[in-house]
Amino acid sequence: MKASLRAATADDLGAIAAVQYASALVAFAHIGPVEKMEPVDFSGWLSDADRALVAVDDGEVVGFAFVGGCELQLFYTHPRVWGHGVGRALLAAAEDALRSADCAEAFVYTEERNHRPLRVYHAAGWREDGCVKEREWLGVP
């Protein structure tokens, strides 16, 4: 599979929401009651991002990454492309955007039980810094 990467646009918002929803249903099933999830409106995220990227395979958005303020703010790929290198390519492009923004270091917050992306982050050299943010998601801490 050879996905191409490009800047995200407002026309991609529906596909971005669909990718996030499909990914979260699978990735977060062991964390919380995913049946309570509702699609997210990412228009505010898109307008606030310093750089927003989508991965496209065969004309379909299959992943996205938003960066801003030296943070990887959002990073999702559709489960059907997991293990095909799309996430690694998207993460590398997001890292390039962070470097271009003169970020000496960058950060990402993810659920500590979110094992698949943690493996991707670790393989790319990202490491935990001990900073913890607690929040509630779908009624689960």
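Visitor: Where is the place of Asp58?

Guide: Asp58 sits in the loop between strand 2 and strand 3. Strands here are DSSP runs of E with at least two residues, helices are runs of H or I with at least four, and both are numbered from the N terminus. Before we go on: this is a predicted model, where local features need pLDDT of at least 70 and side-chain atom pairs count only at pLDDT 80 or more, while totals for chains, interfaces and linings use all residues. Residues are numbered from 1 along each chain as its sequence is written, and side-chain values use heavy atoms, with hydrogens and water left out.

Visitor: Okay. Is Asp58 buried or exposed?

Guide: Buried means under 20% relative accessible area, exposed means over 50%, and partly exposed is in between, using a 1.4 Å probe and protein chains only. Asp58 has 78%, so Asp58 is exposed. Asp58 also has a positive phi of about 55 degrees, although it is not a glycine.

Visitor: How do I read the sheet, and in what order do the strands come?

Guide: In general, strands of a sheet pair through backbone hydrogen bonds, either parallel or antiparallel. For counting, two strands pair if DSSP finds at least two bridges between them. Here four strands make an open sheet in the order 1-2-3-4, with antiparallel pairing. Strand 1 (4-7) and strand 4 (71-77) are at the edges with a single partner strand each, so one side of each has no neighbour in the sheet. From one strand to the next, the twist averages 20 degrees.

Visitor: How many bridges join strand 2 to strand 3?

Guide: Seven bridges join strand 2 (residues 51-57) to strand 3 (residues 60-68), and the two run antiparallel. To find your way on screen, look for Leu53, which stands opposite Ala65 in strand 3.

Visitor: Which strands does helix 1 lie across?

Guide: Helix 1 (residues 13-27) lies across strand 2, strand 3 and strand 4, at about 95 degrees to strand 3. Contact means heavy atoms within 4.5 Å. Axes are lines fitted to C-alpha atoms, for helices over the stretch in contact, and angles run from 0 to 180 degrees between N-to-C directions.

Visitor: And the rings: how many aromatic pairs does the structure hold?

Guide: A pair of aromatic rings is described by the distance of the centres and the angle of the planes. Rings of Phe, Tyr and Trp (its six-membered ring) pair if their centres lie within 6.5 Å; planes under 30 degrees apart are stacked, over 60 edge-to-face, and the rest tilted. There are six such pairs. Take Phe75 and Tyr121: their centres are 5.8 Å apart and their planes at 40 degrees, so this pair is tilted. Phe75 belongs to strand 4 and Tyr121 to helix 4 (residues 115-123), so to speak distant parts of the chain, 46 residues apart. Phe75 is buried at 13%, and Tyr121 is buried at 6%.

Visitor: How many disulfides does the structure hold?

Guide: A disulfide is a pair of cysteine sulfur atoms within 2.5 Å. The structure has one, between Cys70 and Cys103, with sulfur atoms 2.1 Å apart. Cys70 is in the loop between strand 3 and strand 4, and Cys103 in the loop between helix 3 (86-100) and helix 4, so the pair ties together parts 33 residues apart in sequence.
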